[in-house]
Amino acid sequence: MKQYDVTGMSCAACSARVEKAVMGVEGVTSCAVSLLTNTMGVEGSASPEAVVAAVERAGYGASLKDAEQAAPRGEDALTDRESPRVLGRLIASLLLLVPLMYLSMGHMLGLPDLPFLAENPLAVGLAQMLLAGMVLVINQRFFVSGVKGLLHRAPNMDTLVAMGAAAAFGYGAAVLFRMTAAENPAPLLHGLYFESAAMVVTLITVGKLLEARSKGKTTDALKGLMALAPRTATVMRDGRPVSVPIAEVRVGDVFLVYPGESVPVDGEVIDGVSAVNEAALTGESLPVDKSAGSTVSAATVNLSGFLTCRATRVGEDTTLQQIIKTVREAAATKAPIARIADRVSGVFVPVVMSIALVTAVAWLLAGQEVGFAIARGVTVLVISCPCALGLATPVAIMVGSGVGAKRGILFKSAPALETAGRVSIVALDKTGTVTKGEPRVTDLLPAEDVTEEELLTAAASLESKSEHPLARAVLGLAEERGIRIWQAEDFEALPGNGLQGTVDGETVTGGKLAFVEAVALVPDTARVRAEALSEEGKTPLYFVESGRFLGVIAVSDVIKEDSAEAVKELQDMGIRVVMLTGDNEKTARAIGRQVGISEIIAGVLPGGKAEAVRSLKQSGKVAMVGDGINDAPALTEADLGVAIGAGADIAIDAADVVLMQNRLSDVPAAIRLGRATLRNIRQNLFWAFFYNAIGIPLAAGVFIAALGWELNPMFGAAAMSLSSFCVVSNALRLNFIKLRPVKGDKHTTSNFISKETEPMTKTLYIEGMMCPHCEAHVKKALEALDGVAEAVASHKDGTAVVTLTSDVSDALLKKTVEDQGYTVK
């Protein structure tokens with residue numbers, strides 16, 4: 001995707017116009033324009049020159065982001081340059097508006113007339129026109145942009161403001177000419193509307209200032225990431241350390257990191273030991289130990305020791321810059337939920353102009369004065385706000401993706417953030433996701449006359465010639481305990497069975513029970529204990545030395561510390577959790593029991609995982625969580641692909657979401673953030689539509705006859721100014737979201753449960769529910785049981801989540817549902 005800076009946009013109608021113009025260019029496959037950041041992302045084979053030309057023909061400006069004339073890169077690119085300019089216009093406008101309001105409305109407040117104008121109404125009118133004219137000139141950008149939009153047949157918000165202010169000013173000028181011919185001009189002085197014209201553009205400027213400052217805050221997370229980037233690095237040059245700008249560091253350079261300094265670029269430690277704080281990239285507050293061979297990332301902080309490192313990634317390739325790029329690109333894309341706002345924005349301004357014209361004509365036909373009719377039309381023009389519609393989605397996406405980035409959760413696009421909020425099924429890969437993916441020795445069971453050291457010495461010496469992951473686990477424990485490893489001779493590996501070799505003159509055999517039994521007798525007690533370990537999902541390895549049974553070593557892929565908690569969080573959120581694995585059924589079931597997953601799909605290859613995900617998608621939105629490499633087909637097939645523990649490599653094409661930390665608890669956090677963002681977008685869209693649905697009829701005078709509600713153009717302008725500010729401010733609330741479990745997060749809470757008793761929840765997976773009536777049947781039947789406080793049934797998810805105040809057997813819950821004609825899986 002190529003990124004462009006776009007200039008001249010003022011509202012959602014502008015962004016819709018630019019998007020339509022670019023989509024008309026041959027070779028463009030997709031285009032997303034962000035009113036929030038004034039940027040545009042374009043995909044396709046079209047040349048940048050053709051894209052820029054299309055934008056310019058539409059009446060706006062554009063430049064390729066990586067072109068020389070593009071906006072400055074880095075943190076400076078997000079500096080708020082708009083607010084100071086708007087503030088200057090506002091101050092100048094207010095200095096002129098105060099005397100204008102004194103002249104036009106001072107008599108209503110009992111203020112004395114100015115002596116040199118008191119006896120000359122025409123002079124008062126001329127003074128008002130001059131002051132109002134200067135205010136309009138100061139805010140001429142509304143007229144320049146508005147007229148340009150009309151000339152390009154793409155009217156925008158500035159067109160509405162310009163037409164409203166021009167209509168009020170023009171009517172005032174016409175009345176002023178009438179005053180020159182009137183015998184008694186004083187009564188006409190109170191119908192000039194010059195103050196309305198000036199007040200309208202001033203209040204809109206106030207709104208623009210509030211909006212610009214609020215929009216600036218939405219990129220705080222991105223600015224914070226950019227601020228982390230070090231400016232200089234200490235690099236070895238000709239055998240001595242030299243401080244150079246970060247841009248001069250090259251791959252392969254040796255750089256030094258002193259205690260308390262930030263790591264300048266990604267690299268590998270070649271000397272030194274230290275603890276490094278990686279919170280800036282992963283959100284993990286605990287420091288990580290680093291030594292020779294460890295990787296370090298730019299912007300992380302060296303806490304204690306002195307490190308000598310070799311640069312492996314510099315410039316735009318560092319982890320930090322990749323994160324910043326990901327957040328930028330997410331902000332440049334559009335969420336599907338924004339489509340309705342885009343469709344409305346495309347026709348909003350012409351429709352409002354038509355309503356304003358019809359309103360003015362209708363009041364004239366109803367017998368009202370010209371001034372009254374024009375005031376109603378002007379109010380319709382200035383109260384209408386397409387900006388709130390255009391900002392409703394992008395501000396929430398920008399804040400949401402920024403909040404995620406600060407916590408090590410990277411959403412690659414706006415649709416990914418929205419989809420995360422709609423996920424109802426999570427499919428977890430086992431190895432490397434639920435488990436650590438590193439087999440370790442969990443149990444040592446030496447025979448009666450054998451010590452643990454003797455068993456481990458023989459086993460490690462034999463396994464030292466093997467490349468199998470289980471062998472590495474045995475060797476790892478031996479090294480950890482300082483066991484001497486002998487050279488194995490006459491080594492022979494029989495795939496699928498075991499190993500054999502000569503260790504210190506003795507023949508050692510190791511592997512499966514059937515293989516070892518051929519050379520020695522295995523005691524029944526050892527068989528029973530090994531079988532029990534196998535039921536727990538562990539792999540028992542039997543060892544024999546010259547016909548003498550030595551014992552059993554059990555090896556297992558260790559479950560991550562937070563896996564069980566993360567699974568429970570997901571289930572508490574009403575999400576169905578499924579585990580996919582290529583392992584055998586027994587091992588998979590054992591792991592599932594330990595983490596609380598009852599639905600297991602075992603023995604599937606990568607292609608089979610994709611097929612399983614395709615099947616799950618029939619029941620709801622599916623998120624597939626895996627390592628992003630072996631699980632690529634399933635990640636691509638899922639509605640939401642989540643790559644976990646990507647660490648320094650966040651550019652995994654198959655994934656929509658990248659979790660920087662290798663922890664499963666970030667999965668419910670990502671979904672929780674998606675739900676909060678989606679909820680925020682809906683609130684913003686509701687406010688934008690509700691505001692216009694109420695504001696436009698009120699401005700047109702629909703409620704005057706029935707309720708006597710008449711809206712002054714100045715109050716209409718104030719309402720318009722506040723509407724965008726409210727939408728942006730609401731989106732900023734996402735900065736305070738708690739991504740870890742909070743009270744009320746569960747779908748199964750009930751007001752009738754005692755606070756002193758922690759409720760138990762059970763999830764039933766049900767087939768046959770087709771509609772809300774089915775849900776009601778299941779809910780009513782379950783809640784009739786003693787001990788059931790609440791039942792939440794969903795025919796879309798195929799689940800019923802039951803909250804219990806006392807234990808109710810699974811058999812009773814199942815029978816109750818099946819008595820209603822449904823099947824419990």
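How many disulfides does a search of the whole structure find? In this predicted model, the search returns zero. Cys726, by contrast, is partly exposed, because its relative accessibility of 34% falls between the limits of 20% and 50%.

The protein chain contains 825 residues, of which 53% count as buried. Its secondary structure consists of 28 helices and 30 strands. Among the contacts in the chain with a separation of 6 or more, 70% are made by residues 24 or more positions apart. The accessible surface of the chain amounts to about 36900 Å². Carbon and sulfur atoms contribute 57% of that surface.

Helix 2 spans residues 48-57, and its buried residues are Pro48, Val51, Val52, Ala54 and Val55. Viewed down the axis of helix 2, these buried residues fall within an arc of 160°, so they line one face of the helix. Such an arrangement can be related to the geometry of the α-helix: with 3.6 residues a turn, residues three or four places apart point the same way. The face of helix 2 turned away from the buried side carries Glu49 and Arg57, both of which are exposed. After helix 2 comes Gly59, which has a positive phi, near 100°.

A further helix, helix 20, covers residues 563-572. Its buried residues are Ser563, Ala566, Val567, Glu569, Leu570 and Asp572. Helix 20 is followed by Gly574, and the phi of this glycine is positive, near 80°.

The loop between helix 18 (513-517) and helix 19 (524-535) is the location of Ala518. With a relative accessibility of 68%, Ala518 counts as exposed, because the value is over 50%. In sequence, Ala518 and Gly547 are separated by 29 residues. In space, the C-alpha atoms of Ala518 and Gly547 are 9.7 Å apart.

Towards the end of the numbering of strands, an open sheet is formed by four strands in the order 28-29-27-30, with antiparallel pairing. Strand 28 (788-794) and strand 30 (823-824) are the edge strands, each pairing on one side only. Within the sheet, strand 27 is joined to strand 29 (residues 799-804) by six bridges in the antiparallel sense.

Definitions and conventions: Residues numbered from 1 in each chain as written. Predicted model: local features only at pLDDT ≥ 70, side-chain atom pairs only at ≥ 80, totals over all residues. Heavy atoms only, no water. Helix = DSSP H or I, 4+ residues; strand = E, 2+ residues; numbered from the N terminus. Buried < 20%, exposed > 50% of the residue type's maximum accessible area, 1.4 Å probe, protein only. Contact = heavy atoms within 4.5 Å. Areas by Shrake-Rupley, 256 points an atom, 1.4 Å probe, with all protein chains shown as cover. Disulfide = S-S within 2.5 Å. Arc of directions from axis to C-beta. Pairing = 2+ DSSP bridges.
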